[in-house]
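Look over the sequence and the structure before reading on.

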Amino acid sequence: MSSSFKRSAAALLILFACQCGAQPHLPQGTKALPSAAEKGRGPLALVNLHHHVLGHARVFGGKMPDLFVAGYGGPQAVHLFRWVDTAENGAPVFARPVEVRCDFKDKGGIFQNPDGAITGLWISKEHLVTTEFDRSALAFRETQRVRLPAEIKSPASLGVILNSDGTHDLAFELSNGAKGTPGHPWTEEWRPYNSSGIATGGLRYRYLMGWSADGQVKQITATKNEVYFSMHDLTAVDLGPGHERDLITGSRQGNLVHYRNKAGRGFDLEKKRLVAGPDGNALRHPSINPSVCAYPGGLIACGEGSLYFYRFTGEWAATGAPVFSGPVSVLQENADLYAGTLPSPTTVDWDGDGALDILAGNSEGFVLFFKNTGGNESPRFLPATRVQAGGRDIHVQAGYSGSLQGLQEARWGYLSPNAFDWNGDGLPDLVTGDITGDYHVYLNRGTRTEPRLDPARPLYCDGINLHGMWRCRPALARIGGRAALVIVDGEDHFHLYWRMDDFNVEDGGKLKLEDGKPIGASGGVGGKSGRAKPDLFDWNQDGHLDLVIGTNRVNSIPDRATGLPMPGIGIKTLGTPLLMLNTGTNAKMKFARPVPFRDTSGVIIQPGGAHETGAVGTMLGGDGPNLLVCNEAGRMFLLPRKSLLGW
């Protein structure tokens with residue numbers, strides 16, 4: 001690295017440290033990797049962490065309804081997707097979205113009246129707001145605002161049941177008033193579990209209140225403890241004779257909850273039942289926080305992650321619950337590749353065809369395989385399939401007590417895989433970090449062209465589960481004929497371990513800076529810790545393994561006083577890919593202080609998102625090495641070395 005580059009980097013760091021409200025930045029002309037499937041089809045997902053399906057209506061005159069979707073955790077807006085086709089598996093296919101002008105972004109529902117008019121109802125603090133959709137302007141315009149009844153206090157969502165006379169009955173999601181764990185998860189005082197391992201704080205549940213067209217307001221569920229934490233949304237569904245006015249809600253934990261409504265007008269709900277799959281057992285949405293929306297033939301559900309379609313089978317389980325088929329991805333044409341939220345990638349020739357593929361873990365806890373059909377010089381990737389181990393999809397979840405932020409994170413996994421030949425048999429294995437801070441290995445027992453993974457096995461050091469900071473990626477390389485593993489350890493330092501056998505490692509000591517100090521990772525404690533995504537990769541091609549590190553905005557590498565991204569770039573910055581050059585040797589590594597990657601104009605690369613962003617060096621794309629980065633909304637970007645400053 002030249003001295004002039006170092007001087008310009010230092011000057012730009014000072015400039016960026018003074019800025020507020022950081023915005024994502026990539027080299028000019030950079031686009032997300034697209035789907036190489038026929039017609040560019042791939043999972044439908046906005047550039048957001050979370051989705052809320054607001055409703056459907058026939059806007060463009062197609063055979064099936066078009067879809068209104070809002071996103072949050074990122075740019076907030078209402079989007080309209082035009083229906084274009086139905087896939088062989090029954091999933092609807094939509095065109096790329098257009099943005100709809102709307103003063104409201106969430107806590108609402110959109111429906112089409114018998115006369116064709118499209119209405120949006122929205123919760124705005126203590127008011128219910130009616131809007132009408134202007135097709136020509138692609139805008140919702142407010143037409144009425146009324147105060148909600150006093151009994152309906154701080155509703156979180158609403159569902160609309162249309163009556164034959166054009167009126168509607170409304171159901172509202174309310175809290176039972178319980179409080180969660182006191183304190184903040186970014187402090188040493190945070191205690192989400194007591195000394196017996198039981199979650200602290202009250203159990204927050206949701207229930208339903210009804211406001212009928214005749215003005216009657218009442219609680220319509222049997223209890224106030226119906227759905228844990230959040231319903232997230234609810235929808236009216238017509239499931240056939242005797243079930244024309246039923247309700248289904250989402251939930252924080254992924255259950256879909258059904259209420260039969262026996263009333264011809266208003267509400268007379270039976271007890272809750274869990275929507276069942278074909279085996280009669282309750283379905284569980286693939287990711288946390290699904291909202292739900294009726295759609296012809298079934299349901300569309302989405303929360304964190306992309307949209308899924310559940311087809312109603314017409315059958316009923318022994319429990320009295322409706323039976324739906326398992327979820328399949330709602331599709332979009334001309335789609336970006338979608339890696340799930342908070343993706344952490346690695347590149348490897350997974351299927352032995354000579355082309356580097358992409359594997360990516362995500363917050364949902366899956367490992368996704370993107371097959372490269374175009375070769376290394378001009379890669380083209382198919383939409384993801386889930387990687388399996390032991391014959392089942394890899395799906396890591398925190399469960400009751402696996403997250404340091406508490407029970408409310410039971411359905412997150414934050415899985416960060418690295419593909420590497422761990423046992424030296426010539427086949428790529430997987431080594432993973434996740435939400436728990438533990439590390440696991442999935443050994444490949446297949447062939448070079450047909451990988452077949454064993455179930456996860458823990459890695460141990462001195463007989464103790466190898467454990468470090470949560471949500472971190474393991475860095476792996478072969479050095480001097482031995483497998484080397486780098487993690488962020490329990491003292492918040494980058495730490496080297498050496499493979500002893502398939503399931504055991506030995507201590508190789510902390511990685512050090514040129515001045516001999518250890519390399520720290522976190523900008524704070526608790527939920528502010530960990531989240532680093534290191535990769536051992538020879539970036540400057542001098543034969544020595546450097547560190548390419550994906551970060552979240554509160555990583556502070558190598559120390560909390562001067563580290564990056566925080567506070568060196570700013571207190572409220574974004575996840576920033578970093579480079580630490582190895583100025584020693586592979587046998588005796590020492591590292592220069594981190595620098596952010598920049599475009600040729602000197603602007604810092606920040607692909608988008610504060611939670612965490614994966615980044616790895618790769619030979620994909622020709623004229624490498626190049627940089628593969630992700631934003632937290634599941635998009636991946638391949639940055640050619642020539643688009644980056646100073647290399």
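## Domains, cores and pockets

The domain assignment divides the protein chain into domain 1 (39-179 + 199-332) and domain 2 (344-643). The model is a predicted one. Taken over C-alpha atoms, the centres of domain 1 and domain 2 are separated by 37 Å. The two domains touch: 25 residues of domain 1 are in contact with 17 residues of domain 2.

In soluble globular proteins, nonpolar side chains tend to be buried together. In this model the largest nonpolar core has 44 residues, and Trp422, Leu466, Leu485, Phe494 and Leu511 are those with the most contacts inside it. The elements that give two or more residues to this core are strands E35 (439-442), E39 (475-479), E40 (482-488), E41 (494-501), E44 (546-550) and E47 (578-580). E40 gives the most to the core, with 6 residues. Another core, of 20 residues, lies apart from the largest one, and among its residues are Tyr295, Ile300, Phe309 and Val330.

**Pockets**

| Pocket | Volume | Lining residues by class |
|---|---|---|
| Largest pocket | about 750 Å³ | 20 nonpolar, 9 polar, 5 charged |
| Second largest pocket | about 620 Å³ | 14 nonpolar, 9 polar, 7 charged |

The largest pocket has a volume of about 750 Å³. It is lined by 34 residues, of which His56, Val160, Thr235, Ala236 and Ala294 are the closest to its centre. Two or more residues of this lining come from each of strands E2 (50-57), E8 (108-112), E12 (157-162), E17 (234-237) and E21 (291-295).

The second largest pocket has a volume of about 620 Å³. Of its 30 lining residues, Pro43, Ser329, Leu331, Pro383 and Ala384 are the closest to the centre. Strands E1 (42-43), E25 (328-329) and E30 (385-386) each give two or more residues to the lining.

**Two loop residues**

Pro155 is found in the loop between strand E11 (139-147) and E12. Is Pro155 buried or exposed? Its relative accessible area is 2%, and because buried means under 20%, Pro155 counts as buried. Leaving aside neighbours within four places in sequence, Pro155 is in contact with Lys107, Ile123, Leu148, Phe172, Glu173 and Leu174. Pro155 and Trp412 are 257 residues apart in sequence and, C-alpha to C-alpha, 25 Å apart in space.

Lys179 sits in the loop between strand E13 (168-175) and strand E14 (205-211). With a relative accessible area of 65%, Lys179 is exposed, because exposed means over 50%. Apart from neighbours within four places in sequence, Lys179 is in contact with Gly201, Gly202 and Arg204. Between Lys179 and Leu307 there are 31 Å in space, C-alpha to C-alpha, and the two are 128 residues apart in sequence.

Conventions:
Residues numbered from 1 in each chain as written. Predicted model: local features only at pLDDT ≥ 70, side-chain atom pairs only at ≥ 80, totals over all residues. Heavy atoms only, no water. Core = buried A, V, L, I, M, F, W, Y, C linked by side-chain atoms within 4.5 Å. Buried < 20%, exposed > 50% of the residue type's maximum accessible area, 1.4 Å probe, protein only. Helix = DSSP H or I, 4+ residues; strand = E, 2+ residues; numbered from the N terminus. 1 Å grid on protein atoms, 1.4 Å probe; cavity = no way out; pocket = protein on both sides within 12 Å on 5 of 7 lines; lining within 4 Å. Points joined across faces, edges and corners; volume = space filled by probe spheres on them. Nonpolar A, V, L, I, M, F, W, Y, C, P; charged D, E, K, R; others polar. Domains from an automatic or database assignment. Contact = heavy atoms within 4.5 Å.
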